Amino acid sequence: MPAIVLIGAQWGDEGKGKATDLLGGRVHWVVRYQGGNNAGHTVVLPNGDHFALHLIPSGILTPEVTNVIGNGVVVDPAVLLDELSGLEDRSVDTSRLLISADAHLLMPYHVAIDKVTERFLGNRKIGTTGRGIGPCYQDKIARVGVRAQDVLDESILRRKVEAALEVKNQILTKIYNRRALDADQIVDGVLEQAEGFKHRIADTGLMLGNALDRDEVVLLEGSQGTMLDVDHGTYPFVTSSNPTAGGASVGSGVGPTRITVVLGILKAYTTRVGSGPFPTELFDEQGAYLAKQGGEVGVTTGRARRCGWFDAVIARYATRVNGITDYFLTKLDVLSGLETVPICVGYEIDGKRIDDMPMTQTDIHHAMPVYEEMPGWWEDISEARTFEDLPKTARDYVLRLEELSGAHISCIGVGPGRDQTIVRRDILA
Ligand code: IMP
């Protein structure tokens, strides 16, 4: 049985929850492998309530699934405990949530530094979620981070926080004119929080390896998206981890040869939150139309998402860097009612036509979309359950996206409901 990677093909918010729902009962493990509480998805609880999750994998709502916060994730203990108690208050069983001993813990100084850095950057800011994600990964790479396992040894924890604060307090007080933070206060706080999660700390890489040996299905769930990847995205307007499929192996401890399916989630148009280049962005009433029809507001920050037409250059790039085997095309219903639907098939940069992602940041900032117009459809497609149920023009749109993207579109979302999905090919078959 395979390990499957689920990855956003654009700038995140493609609607990954639909794919998780679809795989539902056939998955035994759901693993987050990167990011932290910068991610966000709304889940519908069994009693119909909506609940926003930022850190905990959505599989927590399926009783038979074991959920893992992998080693590649950065965990804010306060957010973790908050989400757990929010779920428990609504009678969701949270006993099947494990945290990798190697996952890094997000400390109060990471949040402080994220916020002051963004303010300091002014109009060059990245538009981060302000959750401390970048500074926590900086510490991981600088080898001064605090890991989940450190809460099991108070003296190590104390030494690590004291060492980190020696530098952080200099930065906070001398550069940013902020108050210094107290090591004892932080350590005591973390130890108190750890009472609520230390029983969940485990050697999750080993457990996942054993699960795959037992033929269990492991779903490795990426957060953010391909274009927010620190290596392959629109650097520096990216997050500080690797959402792309290669990151799934690193961030979970599952070896790359065990991953046999990479399911890319592709929205039928494009959105982006935060700063950075976005060639097909619309600044007119058409952009506002997509935002309104698609309900494009961030779950984590409540910020309005920037909207634009489908960009096939990005889709082709996502297919390549992730090795996508199948696509799940989401929100096709949002495009109903348009006279024509433009697709960006390439870019024009300084008078030259380009079909692939430009090599340099300068070029992507200068990229002008080259559009192909497809005839639209007026029908309400939210009741369609087979590909043939779709109007011909909608089918043609999907087939053109498939051709341009270079991977099979196996599933199509036609509405927010769990059953509003067309399956053209079973990705686990
Ligand atoms: P950070 O991840 O908070 O450091 O933010 C870096 C960039 O990634 C910003 O442009 C954010 O808006 C963006 N970002 C982070 N998480 C998400 C997400 O889940 N969806 C969409 N954009 C995100």
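Is G302 buried, partly exposed or exposed? I looked it up: G302 has 47% relative accessibility, so it counts as partly exposed. My cut-offs are under 20% relative accessible area for buried, over 50% for exposed, and partly exposed in between, using a 1.4 Å probe and protein chains only.

**Before going on**

I am working with a predicted model, where local features need pLDDT of at least 70, side-chain atom pairs count only at pLDDT 80 or more, and totals for chains, interfaces and linings use all residues. Residues are numbered from 1 along each chain as its sequence is written, and side-chain values use heavy atoms, with hydrogens and water left out.

**The listed binding site**

I found G302 in the loop between α9 and β13. Helices (H or I, at least four residues) and strands (E, at least two) are DSSP runs, numbered from the N terminus. An unreviewed UniProt entry lists a "binding site" that includes V299, G302 and R305. I keep in mind that such annotations may be inferred rather than shown by experiment.

Next I checked V299, which sits in the loop between α9 (285–294) and β13 (306–308). V299 is partly exposed, at 30% relative accessible area. Leaving aside residues up to four places away in sequence, V299 touches G40, H41, T42, A52, H54 and R305; contact means heavy atoms within 4.5 Å.

**Salt bridges**

Side chains of opposite charge can pair when their charged atoms come close. I counted a salt bridge when a side-chain nitrogen of Lys or Arg is within 4 Å of a carboxyl oxygen of Asp or Glu. How many salt bridges does the whole structure hold? The search finds 24.

I looked at K168 and D139, whose closest N and O atoms are 2.8 Å apart. K168 belongs to helix α5 (residues 154–175) and D139 to helix α4 (residues 133–141), so their bridge ties together parts 29 residues apart in sequence. K168 is buried at 8%, and D139 is buried at 5%.

Then I turned to D396 and K392, with closest N and O atoms 2.7 Å apart. They are four residues apart in helix α12 (residues 392–405), which means about one helical turn separates them. D396 is partly exposed at 28%, whereas K392 is exposed at 52%.

My next pair was E402 and R424, which meet at 2.9 Å, N to O. E402 is in helix α12 and R424 in the segment after β20 (421–423), 22 residues apart.

Which residues are linked in a network of salt bridges? I noted D13, K267, E296, R305 and K331. R305 is also one of the residues in the UniProt "binding site" list.
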